[in-house]
Amino acid sequence: MNKIALEIKELLYSQSSSGAYVLILGDNQSRRRLPIVIGTNEAQAIAMGLEGNQPSRPLTHDLFKSFALHYDVDLVEVVITRFLDGVFYATLVCKQGDDFSMIDARPSDAIALAVRFNCPISAYESVMNEAGIEMEEAEEADTVVPQIPEEESPEEHLDSLTVEQLQQLLDMAIEEENYEKAAELRDLINSKS
């Protein structure tokens, strides 16, 4: 399966979900982004790893790294392998001597480890095709973007829009960096296609 190299682009607090963050992974060869909703603890673990902060006592991901290195196990890659029913799956590719092992992991934990081991992060092409969001240039000024009338609930209105209108809203959500809304719109477009 083809893999696409990713890097962490942003870690954003989601104002619409209490205690949730959105981790934005990006493909440097294109404008595709992979938004993954993660919890507060995982967001903190990733942020601490990115900043190189060393707590006075090891946290879980630091302990895992120490344990792995003690037994000469190296994390060589993190791969986002599946997107099923709105859930991402990841694999840790580990090496001990000449032996390779693959360990199932949540993407948030896998990425928290990747930043500590300074190893590559990638996703299968199929995951990017299904769950990725294409960043596009701003639409032409004369493009009519549908607005949600106040008397309708957003959910009822979105269901009545065409795929083209939903794509315009998706483009706006991406431009405004509202990745959670963009992911919702992407899923609705996929269900209509």
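In this predicted model, a search of the whole structure finds three aromatic pairs. A pair of aromatic rings is described by the distance of the centres and the angle of the planes. In one of the pairs, the ring centres of Tyr 13 and Tyr 21 are 5.1 Å apart. The planes of Tyr 13 and Tyr 21 stand at 70°, so this pair is classed as edge-to-face, the class for angles over 60 degrees. Tyr 13 has a relative accessibility of 46% and counts as partly exposed. Tyr 21, at 23%, also counts as partly exposed.

Another pair is formed by Phe 67 and Tyr 71, with ring centres 5.1 Å apart. The planes of Phe 67 and Tyr 71 are at 55°, so the pair is tilted. Phe 67 is exposed, its relative accessible area being 54%, whereas Tyr 71 is partly exposed at 46%.

The charged end of Arg 82 sits over the ring of Tyr 89, at 4.1 Å from the ring centre. The charged end of Lys 65 is placed over the ring of Phe 117, at 5.8 Å from the ring centre.

Lys 65 and Phe 117 also take part in a contact between two helices. The axes of helix α2 (residues 60-70) and helix α3 (residues 107-117) come within 10 Å and cross at roughly 60°. The two helices, α2 and α3, are therefore oblique to each other, and their crossing is right-handed. On the α2 side, the contact is made by His 61, Asp 62, Phe 64, Lys 65, Ala 68 and Leu 69. On the α3 side, Asp 109, Ala 112, Leu 113, Arg 116 and Phe 117 make the contact.

Note on methods
Residues numbered from 1 in each chain as written. Predicted model: local features only at pLDDT ≥ 70, side-chain atom pairs only at ≥ 80, totals over all residues. Heavy atoms only, no water. Phe/Tyr/Trp six-rings, centres within 6.5 Å; stacked < 30°, edge-to-face > 60°. Buried < 20%, exposed > 50% of the residue type's maximum accessible area, 1.4 Å probe, protein only. Lys NZ or Arg CZ within 6 Å of the ring centre and 35° of its normal. Axes fitted to C-alpha atoms, helices over the stretch in contact; angles between N-to-C directions. Helix = DSSP H or I, 4+ residues; strand = E, 2+ residues; numbered from the N terminus. Parallel < 35°, antiparallel > 145°, perpendicular 65-115°, else oblique. Left-handed = near helix turned anticlockwise from the far one by under 90°. Contact = heavy atoms within 4.5 Å.
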